[in-house]
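Work through the exercises below with the sequence and the model side by side. Try each task before reading its solution.

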Amino acid sequence: MTERQQRPIWIQNISQLVTLASEKKGPRIREEMKELGIIEGGSVWIEDGVIHDIGTTREMILKYLSRAEEADIVDATGKIVTPGLIDPHTHVVFGGSREHEFEMRLEGASYMDIMNAGGGIHATTRKIRALSEEHIFNQTSRRLDLFLQHGVTTLESKSGYGLDLDNELKQLRVMRKLHEKHPIDIVPTFLGAHAVPEEYRGNPEHYIKLVIEEMIPAVVEEDLAKFIDVFCEVDVFNPEQSERILVAGKNKGLIPKIHADEIAENQGAFVAAKVGAISADHLLKVSDEGIQALANSGVIACLLPTTALYLGEKPARARDLIDAGVPVAISTDCNPGSSPTISMPLVMNLACIMMKMTPAESLCAATYNAACALQIEDRVGSIEVGKQADLVLWDVHNHQKLHYIFGVNHVKKVWKKGVKVVG
C-alpha cells in the first residue's frame, strides 16, 4: 500500500444506519421525506474515499472477515450513522461581526430599520471591502471548522457582501480557495443583488446594470459560481428587477436561486417558479398561491428556522409546503446579522419544534433534499454504494433522539471522502 492510499474503513454494529437510500430520483416530497432507508445493526465498508458496501453487520462479516486486517475497524455499538449534513444556504464568507445589532433588535429595531440606517448588510459590506482575502479566508476557515464539528460536510456559500465588482470577486475567490484547502466542500453562489449599496442609494437601476453587464460576465469568465441569487424584498429588489437579474445569470449558465418572501410577501415564490429556480429560500411570508406555484414548478423550498427564531418572526409554513407537494430543505442561513450560527443539528431540532416537521422529514431536509437544492445528490446526501464517503457517527442510539435532545452536539466522528476529520 502506497503512502497516498487510504486503508479501508469498516464501521460495524451501527444501531441505525440511516442511509436515505431510495429508488426515487430527484427531491423527495410528502411521505417520501419520511423514508430513511434505515438498516438496523448496520455496517459500512469504505474504500478509496467511496462507499464500497453497506448491509447488516452479520451480512458484512460473512463478506469481509477475510479482509478485516486490512481495515480500520470502528465499533459503532449504540450509535447511529447518517450521511454528512449539507447546508444549502449560507453567507459564511464574511468579515467582522454585528453583535451590537442584536441589542438594537432587542430594543425594538427591525431588520429593515437597521439596514436602512446603514447597518445590516451595509455594515458587513464595509468590513469586506476593507479586509484582505487572507484575513477573510482565515476568519471563514475557523467557522468552517465549527461546521465540520457539527456534522456538516458540504455547504453552499453566497457572495453579496462586496456589492461592487472587485469585492464580489474577492469573496468568490476566497470560496474557491476554501473549497481547495478545507475538508468541507464549498458550492458557490453569486449574490451581487443582496442589497443596493449605499453609493447607489436612490438609483437602483444603475446598480442592477452593473450586476448584469459587468459582475455576471466576470463571475462566469472566472468560473467562480454555480448559482445566482437575489434578495427579492420590499425596499431591496422588486419582483421585476429580481427576474431580470436571475434571467441574465441564467442566460450565462448560472442556476437561479432566490431569497423569497422573507420580510413581506413580495411575489418571490412566483418569480422562482417563473425563472425555473432550483430553490426559493426563507418563505416566511409566502402566500397560499405562492406555495401552489412552487409545487407546480418543482422548486425546492429552503427553510431557515434559526433566522425566524433570531428575528422573532413566525416560522415558515413547513407543514403546508410539504402537504402541497413542495420538496423541503433546511439550512442555518449562517450570517453575521440574522442567523449567526453554524449548528445544523440545532436547525434540525427547530425544524421539528417550530415548524412541526417530523424527525425523519428534518433529517431528509438536511441531507438528501439539501443535496438536491445544490444539484449534487448524485454524489452526496445519502449512503449508497459508489457515493462519496461523507458520514457522521452520532452518539445516540436512534435518529429520533438526535432531534429530541437539543442544544447538545451529538457528533462523535465525521468522515469526509473516507478520511476521518472529526473524532
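**Exercise 1. The annotated span**

How far apart do the end C-alpha atoms of residues 80–419 lie, and what percentage of the span is helix and what percentage strand?

Solution. Begin with the ground rules: this is a predicted model, in which local features need pLDDT of at least 70 and side-chain atom pairs count only at pLDDT 80 or more, while totals for chains, interfaces and linings use all residues. Residues are numbered from 1 along each chain as its sequence is written, and side-chain values use heavy atoms, with hydrogens and water left out. The end C-alpha atoms of residues 80–419 lie 18 Å apart, and the span is 44% helix and 17% strand, where helices (H or I, at least four residues) and strands (E, at least two) are DSSP runs numbered from the N terminus. For these residues UniProt, in an unreviewed entry, lists "domain: Amidohydrolase-related"; such annotations may be inferred rather than shown by experiment.

**Exercise 2. Aromatic pairs**

Find how many aromatic pairs the structure holds, and describe the pairs Trp45–Tyr64 and Phe102–Tyr310.

Solution. A pair of aromatic rings is described by the distance of the centres and the angle of the planes. Rings of Phe, Tyr and Trp (its six-membered ring) pair if their centres lie within 6.5 Å, and planes under 30 degrees apart count as stacked, over 60 as edge-to-face and the rest as tilted. A search of the whole structure gives 5 aromatic pairs. In one of them, the ring centres of Trp45 and Tyr64 are 4.4 Å apart and the planes stand at 15°, so the pair is stacked. Because Trp45 lies in strand S2 (residues 38–47) and Tyr64 in helix H1 (residues 57–64), the pair ties together parts that are 19 residues apart in sequence.

Next comes accessibility, for which buried means under 20% relative accessible area, exposed over 50%, and partly exposed in between (1.4 Å probe, protein chains only). Trp45, at 0%, counts as buried, and Tyr64, at 7%, counts as buried. Trp10, Trp45 and Tyr64 form one aromatic cluster.

Turn now to Phe102 and Tyr310, whose ring centres are 5.4 Å apart with planes at 25°, so the pair is stacked. Phe102 belongs to helix H2 (residues 99–106) and Tyr310 to helix H11 (residues 305–311), so the pair ties together parts that are 208 residues apart in sequence. Phe102 is partly exposed at 37% relative accessibility, and Tyr310 is partly exposed at 29%.

**Exercise 3. Charges over rings**

Which residues lie over the faces of Phe94 and Phe227?

Solution. A charge sits over a ring if NZ of Lys or CZ of Arg is within 6 Å of the ring centre and within 35 degrees of the ring normal. Arg143 lies over the face of Phe94, at 3.6 Å from the ring centre, and Lys257 lies over the face of Phe227, at 4.8 Å from the ring centre.

**Exercise 4. Pockets**

Solution. On a 1 Å grid over the protein atoms alone, a cavity is a set of points where a 1.4 Å probe fits but cannot get out, and a pocket is an open set with protein on both sides within 12 Å along at least five of seven lines; lining residues have an atom within 4 Å of a point. Grid points are joined across faces, edges and corners, and a volume is the space filled by probe spheres set on the points.

By class, the lining of the largest pocket has 6 nonpolar, 4 polar and 3 charged residues, where Ala, Val, Leu, Ile, Met, Phe, Trp, Tyr, Cys and Pro count as nonpolar, Asp, Glu, Lys and Arg as charged, and the others, Gly among them, as polar.

Strand S8 (residues 185–193) gives the most to its lining, with 4 residues.

**Exercise 5. The largest cavity**

What is the volume of the largest cavity, and how do its lining residues divide by class?

Solution. The largest cavity contains about 100 Å³ of space, and its lining divides into 3 nonpolar, 6 polar and 3 charged residues. Among the lining residues are His282 and Asp333. His282, in strand S11 (residues 279–282), has a positive phi of about 90° although it is not a glycine.
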